[in-house]
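Student: Let's work through this model by question and answer. Where do we begin?

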Amino acid sequence: MTGMHHMLVHFPLGFWALATLMILVGACLPGRMAELSRAALLPVLVLGLLGALAAIITGFTVWPMEANLASPLTRNHILMAFWSLGIFTMLTVLVWRAGDTAFNGARRWALVILALIGGLFFAAAGTLGGHLVGAPTLFSDVLGLMGWEVYTTFYSPLWVLAIMVLIGIALGALGIMGQRRTG
């Protein structure tokens, strides 16, 4: 099953890289290319999510769970994969729910920011995966310049997670109230 994960990870990476490019083109350029990018974005995002789910599921079969949790490098790889999945899931829902208005006004910049952050996270997940199989990339040096040693573990205290959940709930409530006002 190890080889299956290595093959499947290329699907979300490719689709998410394409989606990021499509968001940049759709948000920053005028004309037919921007229109095509905006029109084709949702299917690309959905295919990326499906590929990511398959890659994550098969990724847990590479090593026993005890080994995954004992390795700081593997924990960071898993963390980045899930953050990427979360951000691109959010992008998919935003594009799906907003429809033709996803790129109107300030929404376009929210899509751009999320896509760039998601791109950074999936690049980090990929480079950590490369380290795990003995093929480190130069992106590790970029991460080092940003202050992250790839062999250390992220840690978020419980209070930070609680605040993040509360902020998420508050933003969701604001979104629902805003939708009710316009609907």
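Tutor: We begin with a definition: accessible areas come from the Shrake-Rupley method with a 1.4 Å probe, and for residues only the protein chains shown count as cover. This is a predicted model, where local features need pLDDT of at least 70, side-chain atom pairs count only at pLDDT 80 or more, and totals for chains, interfaces and linings use all residues. Residues are numbered from 1 along each chain as its sequence is written, and side-chain values use heavy atoms, without hydrogens and water.

Student: What share of the accessible surface of the protein belongs to carbon and sulfur atoms?
Tutor: The accessible surface comes to about 10,900 Å². The carbon and sulfur part of that is 75%.

Student: Which helix has the lowest confidence?
Tutor: Confidence here is pLDDT, the predictor's score for each residue from 0 to 100. The protein averages 84. Helix α2 is highest, at 93. The lowest mean, 77, belongs to helix α8 (residues 158-182).

Student: Which residues touch the most other members of the largest nonpolar core?
Tutor: Such a core joins buried (under 20% relative accessible area, 1.4 Å probe, protein chains only) Ala, Val, Leu, Ile, Met, Phe, Trp, Tyr and Cys residues through side-chain atoms within 4.5 Å. This core has 24 residues. The most touches belong to Ile23, Leu41 and Leu91.

Key: Buried means under 20% relative accessible area, exposed over 50%, partly exposed in between (1.4 Å probe, protein chains only). Helices (H or I, at least four residues) and strands (E, at least two) are DSSP runs, numbered from the N terminus.
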